[in-house]
Amino acid sequence: MLRRLYNWMMTLAGGRHAEKALAVVSFAEASFFPIPPDIMLAPMVLKRPENAWRYALICSVASVIGGFLGYFIGYSLEPIGLAILKFFGHSEGLEAYRQWFGQWGFFVILAKGVTPIPYKITTIAAGLAHFSLLQFFLASAITRTARFMLVAWLCKRFGPEVTELIEKRIYLVGTVVIAVIVIGFVAMKYLAKGH
């Protein structure tokens, strides 16, 4: 099924309505759709590099708006939110999500939004935890824009060979990004206790 969805998205990326399809996929991926929009973004940028930043912006805006749907599902439709998270392999209970956001909050969204971990997990979990909507929006805007701008820049700068490199190394890159964010957060907490 995922292979069929992948092939369908690649067809959309080369079609007349590619930008609209990119927006729809970016919106849906933030709350329930299983495949990230990077799959469409990369070939679109490779085909028309002069539109790289436009495509990345479409992804970013649509993903942030879609994140609000994920947040709403978690916040107002708790059983559905828990079922979606369980389907994607995250069966932690409601209390676990609340503790997760209570301890790490803003940084959870920053870390998860850049990595290959499905963003819908973060958006729904933030809603389940009743996390601050303003902080959720700010972190989403920062992390999603950074991610899609980076993908667009890499494709524009290095061309077709970068897509294979991104696919092979994305988990390593994601791990490094998380490590930097966690180290920064721990350092800030440590410095705050010292004063």
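1. Let's begin with a contact list: leaving aside residues up to four places away in sequence, Ala-139 touches Phe-106, Ile-109 and Leu-110, where contact means heavy atoms within 4.5 Å. Before going further, please keep in mind that this is a predicted model, in which local features need pLDDT of at least 70, side-chain atom pairs count only at pLDDT 80 or more, and totals for chains, interfaces and linings use all residues. Residues are numbered from 1 along each chain as its sequence is written, and side-chain values use heavy atoms, with hydrogens and water left out.

2. Where does Ala-139 sit? Its place is in helix α9 (residues 133-158); helices are DSSP runs of H or I, at least four residues, numbered from the N terminus. Ala-139 has a relative accessible area of 0%, so it is buried (buried means under 20%, exposed over 50%, partly exposed in between, with a 1.4 Å probe and protein chains only). Its C-alpha atom is 5.6 Å from that of Leu-110, although 29 residues separate them along the chain.

3. Now the aromatics. The whole structure holds seven aromatic pairs (rings of Phe, Tyr and Trp, the last by its six-membered ring, with centres within 6.5 Å; planes under 30 degrees apart are stacked, over 60 edge-to-face, the rest tilted). Phe-68 and Phe-137 are stacked, because their ring centres are 6.1 Å apart and their planes are at 15°. Since Phe-68 belongs to helix α4 (residues 52-76) and Phe-137 to helix α9, this pair ties together parts that are 69 residues apart in sequence. Phe-68 is partly exposed at 31% relative accessible area, and Phe-137 is partly exposed at 35%.

4. A second pair is Trp-153 with Phe-158: centres 5.8 Å apart and planes at 90°, so edge-to-face. One aromatic cluster is formed by Phe-68, Tyr-71, Tyr-75, Phe-136 and Phe-137.

5. Two charges over rings deserve a look (NZ of Lys or CZ of Arg within 6 Å of the ring centre and within 35 degrees of the ring normal). The charged end of Lys-120 sits over the ring of Phe-88, 5.0 Å from its centre. Arg-144 lies over the face of Tyr-119, 4.1 Å from the ring centre.

6. Finally, the surface: Phe-68, Leu-133, Leu-134, Phe-137 and Leu-138 make a nonpolar patch of about 440 Å². Such patches take residues with over 30% relative accessible area and no salt bridge, joining nonpolar side chains (Val, Leu, Ile, Met, Phe, Trp, Tyr) within 5 Å; a salt bridge is a side-chain nitrogen of Lys or Arg within 4 Å of a carboxyl oxygen of Asp or Glu. Helix α9 gives the largest share, four residues.

Conventions:
Helices (H or I, at least four residues) and strands (E, at least two) are DSSP runs, numbered from the N terminus. Patches are made of residues with over 30% relative accessible area and no salt bridge: like charges are joined within 9 Å, nonpolar side chains (Val, Leu, Ile, Met, Phe, Trp, Tyr) within 5 Å. Accessible areas come from the Shrake-Rupley method with a 1.4 Å probe; for residues, only the protein chains shown count as cover.
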